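Please read them with the structure open.

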Amino acid sequence: MDYTHLSKRLHRVGELVPNAAKLADIGSDHAYLPAYLVLNKKIISAIAGEVVEGPYQSAKNLVAELNLSSVIEVRKGDGLDVINSLDDISAVTICGMGGTLIRDILDRGFKSGHLNGSEVLLLQPNVGEKTLRTWLNKHSYVIENEDIIRENDKNYEIIVAKKTEHGENLSELELMFGPKLLQEKSDIFIQKWHHELKQFNNILVQLEKSTKDVSKKIEEVKEKINLIHEVIE
Ligand code: SAM
């Protein structure tokens, strides 16, 4: 992958970024996504945020090499701390991290006011999608779009969310599977949940062998297995 050929995962995120956005890409690593979107005239400008020195330098180097410093600013800092109201950010991408980390970045950004609620969020958690949807749901974000793609034998979910006055009330099923993914039930989605079902069945077998009191855990796993059956059959 480089800034001319994004991974399938980042390419799909890029497609979902609104045209003419002012983007903040948090956890930008090499700044591939903002560079690609600027070069393809999809976005007006970007801030690439990175907290770790190595990836921050990689992002700075790429932006300098491509002469894009007037349109992409690379800032070092934790999560959404790197943006402020003067940046007038209209879209935020946070990709390639765990759902819990993305949730924590959003939560800190929300509490500190760096996230003002006008931005569309494009989130690509590697795991922990339910945790992230639960935070969005609790904070009046509506999930406008979702996708699931498969690359290098891994599934990646992408969530597009926008804050509204009243939000939406997602069910347990929707939080777990994704409201839009659940409506669509694509082949990749069905494959993913067949795989998860196998994993949960294995966990159940192990739990049932346990000599400790794991009855609560067993009930939880059984509940998940039932939900998966309900969805994929
Ligand atoms: N977003 C790119 C992608 O999807 O390919 C890079 C993903 S990389 C696995 C995650 C990046 O997020 C790393 O470069 C890491 O340093 C950065 N990161 C992790 N926590 C962060 C935080 N709190 N604030 C900013 N960047 C963070």
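1. Elements around the ligand. Three elements, α1 (8-16), β4 (91-97) and α4 (99-112), each contribute at least two residues to the shell around the ligand. The largest share comes from β4, with three residues. Helices (H or I, at least four residues) and strands (E, at least two) are DSSP runs, numbered from the N terminus.

2. Basis of the model. This is a predicted model, in which local features need pLDDT of at least 70 and side-chain atom pairs count only at pLDDT 80 or more, while totals for chains, interfaces and linings use all residues. Residues are numbered from 1 along each chain as its sequence is written, and side-chain values use heavy atoms, with hydrogens and water left out.

3. Composition of the shell. There are 16 residues around the ligand, and those that come nearest are Arg9, Gly27, Glu50, Asp78 and Gly79. A residue is near a molecule if one of its heavy atoms lies within 4 Å of it. By type, the shell around the ligand holds eight nonpolar, four polar and four charged residues. Here Ala, Val, Leu, Ile, Met, Phe, Trp, Tyr, Cys and Pro count as nonpolar, Asp, Glu, Lys and Arg as charged, and the others, Gly among them, as polar.

4. Which residue has a side-chain N or O atom 2.4 Å from an oxygen atom of the ligand? That residue is Glu50. The side chain of Asp78 places an N or O atom 2.7 Å from a nitrogen atom of the ligand. At Gly27 a polar backbone atom is 2.8 Å from a ligand nitrogen atom. The ligand taken alone exposes 590 Å², of which the protein buries 79%. Accessible areas come from the Shrake-Rupley method with a 1.4 Å probe; for residues, only the protein chains shown count as cover.

5. Thr93. This residue lies in strand β4. Thr93 counts as buried because its relative accessibility is 0%; buried means under 20% relative accessible area, exposed over 50%, and partly exposed in between (1.4 Å probe, protein chains only). Its side chain makes a polar contact with the side chain of Asp25, at 2.7 Å. A polar contact is a pair of N or O atoms within 3.5 Å; within protein, one must be able to donate a hydrogen and the other to accept it, and residues adjacent in sequence count only if both atoms are side-chain atoms. Leaving aside neighbours within four places in sequence, Thr93 is in contact (heavy atoms within 4.5 Å) with residues including Val13, Val17, Leu23, Ile26 and Leu122.

6. Pro125. Strand β5 (residues 120-125) contains Pro125, which is buried at 0% relative accessibility. Not counting residues up to four places away in sequence, Pro125 touches Met97, Gly99, Ile102, Leu132, Glu157 and Ile159. Pro125 and Thr100, 25 residues apart in sequence, have C-alpha atoms 8.5 Å apart.

7. Positive phi values. Asp29, a residue other than glycine, has a positive phi near 55 degrees. Asp29 sits in the loop between β1 (21-26) and α2 (32-39) and is partly exposed, with a relative accessible area of 36%. Lys185, also not a glycine, has a positive phi of about 45 degrees. Lys185 is in the loop between α7 (179-184) and α8 (187-209) and counts as partly exposed at 34% relative accessibility.

8. Domains. The protein chain is divided into domain 1 (8-169) and domain 2 (189-232), with bounds from an automatic or database domain assignment. Their C-alpha centres lie 32 Å apart.
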